[in-house]
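Me: I would like to learn how to read the features of a protein model, one at a time. Please start with the strands.

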Amino acid sequence: MDEKNITLIDNLDIQKDDFTVKVRIIRLWSQPLFKDPQQLYSIKMILMDEEGSKIHANVLQKWISKFKKLLHEGAAIFIKNPTIARHVSKYKLIDNTNKLSLYYKTSVTKCLDFNGSLYGFSFAKYQNVISKMVPEHATVDVIGEVVACQTIVTISDEKGKPKKRMQIEIQDMESTNVYIGLKLHVTLWDAFVEQFNDYPYLSNSFNGTRLFINSEIDEIKDFRNM
């Protein structure tokens, strides 16, 4: 595809719908119908372009079959003619006020020359988290060494459904003249508890979170070498 026809996420215009973005799917999950959790309502995604900018995207259930073969985490794709609108939700996984939607006029094709990051990490400094200098109602990426963990507890949500919870403490390896080994409290829920428990105040953001434990990825290798 001609790169001249590609629009970067930061340059998207809410008044236009004739554009193409070149992105990687860095997170994807299914959103059930609120009144019937057994029914699929939509697919939600976080997309990232080669400049590292991110945007929410979704596909309603009636259009999923049109795109599902190309939509999976890690996939690099071209999306032509999606709709763009304001993302009015108070709680956002990323700090972007817009979102994309794929519908019947949208086309999706595979991209074989994406040069951006694989996971789209943008690690927040511990001091910024502690000082509440990170965007409100948006998620952050953190990396650290687990230095303490509490026993798994089971609590009930507002509907009486049991939920597993574990609280851990992670420590930064980065030291300065002012801050040495800062620590953060992290709360894990349900599937993330199980994932963590397979190995001998932040919280995972439901389906929008990924947990990497001793993974052989560049970011963790660099962290170990600090």
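**Reading the model**

Reply: Strand E9 (residues 153-156) and strand E10 (residues 162-171) run antiparallel and are joined by four bridges. Strands (E, at least two residues) and helices (H or I, at least four) are DSSP runs, numbered from the N terminus. Two strands pair if DSSP finds at least two bridges between them. Val153 stands opposite Arg165 in E10. Five residues lie between the strands of this hairpin, and Gly160 there takes a positive phi near 85°.

Me: What kind of model is this, and how are residues numbered?

Reply: The model is predicted: local features need pLDDT of at least 70 and side-chain atom pairs count only at pLDDT 80 or more, while totals for chains, interfaces and linings use all residues. Residues are numbered from 1 along each chain as its sequence is written, and side-chain values use heavy atoms, with hydrogens and water left out.

Me: In what order do the seven strands of the open sheet stand?

Reply: In a regular strand the side chains alternate between the two faces of the sheet. Here the order is E5-E6-E3-E2-E1-E4-E7, with mixed pairing. Strand E5 (83-86) and strand E7 (107-110) are at the edges with a single partner strand each, so one side of each has no neighbour in the sheet. Inside the sheet, E1 and E2 pair in the antiparallel sense over ten bridges. One of the paired positions is Arg27, whose bridge partner in E2 is Ile46.

Me: Which residues have the most contacts inside the largest nonpolar core?

Reply: In soluble globular proteins, nonpolar side chains tend to be buried together. A nonpolar core is a set of buried Ala, Val, Leu, Ile, Met, Phe, Trp, Tyr and Cys residues joined through side-chain atoms within 4.5 Å. Buried means under 20% relative accessible area, exposed over 50%, and partly exposed in between (1.4 Å probe, protein chains only). The largest core here has 23 residues, and those with the most contacts inside it are Ile25, Met45, Leu47, Val59, Leu71, Ile79 and Leu100. Its largest share, four residues, comes from E1. A second, separate core of 13 residues includes Ile168 and Phe192.

Me: How many aromatic pairs does the structure hold?

Reply: Four. Rings of Phe, Tyr and Trp (its six-membered ring) pair if their centres lie within 6.5 Å; planes under 30 degrees apart count as stacked, over 60 as edge-to-face and the rest as tilted. Tyr119 and Phe121 form a tilted pair, 5.6 Å centre to centre with 35° between the planes. Phe121 and Phe123 form a stacked pair at 4.9 Å and 20°.
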